[in-house]
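Please open the model in your viewer and keep the sequence panel beside it. The tour begins with the whole chain and then moves through a series of selections.

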Amino acid sequence: MTDRLQELSNAGVAVWLDDLSRPRLTTGGLKKLLDEQHVVGVTTNPSIFQKALSDADAYDEQLRDLAAQGVTVEEAVRLMTGRDVRDACDVERPAYDASNGVDGRVSIEVDPRKAHETESTVAEAKTLWWLVDRENLYIKIPATLAGLPAITQVLAQGISVNVTLIFSNERYRQVMDAFLDGIEQAKANGHDLSKIGSVASFFVSRVDTEIDKRLDKIGSDEAKALKGKAAVANAQLAYEAYQEVFGTDRWKALEAAGAQPQRPLWASTSTKNPEYKDTIYVEELVAPGTVNTMPEAVIHAFADHGETRKDAVTGSYEAARKVFSDLERVGIDLPDVFKVLEDEGVDKFEASWKELLEGVDKSLKAAAKGSSSPSDAA
């Protein structure tokens, strides 16, 4: 039987899971994905943890202990999510060792309410790095304007970073520059560059969702013919930018000092439009040295019927540029699209974080009173 995920891995795409929960850890589900589905990394976000902590009773015992200690809601959330991420790091450690620190990584995100505060983001990143205490950890920092200097400062201290919520190529180039600045400073600070990892999470499907909506509103045949093309073209041009930046003398000097490149990570790869193939954002973005983080449903879908081309991206750049020029010609304001997507991305994660805090607050109060189970209260 064809092992499609192995073929994908052989083509240079690291398969990561975009999900985490305590039941996935305690039942051995994550280890099974590592052993059987070639899953060599995990990403999380506030929405994932909000769902995990509201749906499961696996957190009840820890909630009772935290309630007895009288910790704040924020402390409880960090201790619960930090424990899950630390345990996931341990599960993924074999992949980390086998890849010399390239894969086997697990991400935890800074409080999204601090997305526009550089100093607070840096401070929390340092705290999370200390709390989880695993070298195969990634600290997720959003690619907002305030996040860019935070990325540099955190990397400069030898902390590995997953840069998230990247939508435009303009911002992506700023992210890569922040990465290079950070690695150069880390070198000057005497850190072992081979231990510092980073990925740049470039969001895919949300671009089609937003642009398709605008194309429908325009309503012309020319506009409708462009539906479903923007997201892949945007990511293809991101890979071109990646090849350019990591082919420069500036990067080669850092590579010679032991640094690892900041790989592009394709995020938001589940298909939002049921008219599109469920594996389109995996198949169309096969390229060496990339990561594709997928919900479990997409992993299973690709294992069942996904198709792998050796390199589906290199050589696509002129066609991708034409898609963008055609979008502008029919009236799509691309800078506005990317601003809306970034703002919505931050807002969605902040809303999920607030829901998470509210749910844990109810659970802590219920645990303290002993009147009902924390899972029911959440």
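Begin with the charged side chains: the chain carries 44 positive and 63 negative ones, and the centres of the two sets lie 1 Å apart. Lys and Arg count as positive and Asp and Glu as negative, while His and the chain ends are not counted; each charge is placed at NZ of Lys, CZ of Arg, CG of Asp or CD of Glu.

This is a predicted model, in which local features need pLDDT of at least 70 and side-chain atom pairs count only at pLDDT 80 or more, whereas totals for chains, interfaces and linings use all residues. Residues are numbered from 1 along each chain as its sequence is written, and side-chain values use heavy atoms, with hydrogens and water left out.

**The whole chain**

Switch to a cartoon view, where the chain shows 18 helices and eight strands; these are DSSP runs numbered from the N terminus, with helices being H or I of at least four residues and strands being E of at least two. The C-alpha atoms fill a box of roughly 60 × 50 × 50 Å along the principal axes. For 378 residues a compact globule would have a radius of gyration near 21 Å, and the chain agrees, with 21 Å; the radius is taken over C-alpha atoms, and the globule rule is 2.2 Å times the number of residues to the power 0.38.

Colour next by accessibility: buried residues make up 56% of the 378 residues, where buried means under 20% relative accessible area, exposed over 50% and partly exposed in between, with a 1.4 Å probe and protein chains only. Among contacts (heavy atoms within 4.5 Å) between residues at least 6 apart in sequence, 78% join residues at least 24 apart.

**Helix α17**

Select residues 334-369, which form helix α17. At 1.5 Å a residue, its 36 residues should span 52 Å, and the end C-alpha atoms agree at 53 Å apart; the expected span is 1.5 Å times one less than the number of residues. Gly-370 follows α17 and has a positive phi, near 70 degrees.

Now select Glu-109, which belongs to strand β3 (residues 105-109) and counts as buried at 5% relative accessibility. Leaving aside neighbours within four places in sequence, its contacts include Arg-78, Lys-140 and Phe-349.

Move to Ala-178 in helix α9 (residues 169-188), a residue that counts as buried at 4% relative accessibility. Beyond residues up to four places away in sequence, Ala-178 touches Leu-148, Ile-151, Thr-152 and Leu-155.

With residues up to four places away set aside, Tyr-242 touches several others, among them Tyr-172, Met-176 and Gln-262.

**Two backbone angles to check**

Most residues other than glycine have a negative phi. Which phi does Asp-133 have? The value is positive, near 55 degrees, and Asp-133 sits in the loop between α7 (118-132) and β4 (137-142), where it counts as exposed at 54% relative accessibility.

Finish at Leu-165, which is not a glycine but has a positive phi of about 60 degrees. Leu-165 lies in strand β5 (residues 161-166) and is buried, with a relative accessible area of 2%.
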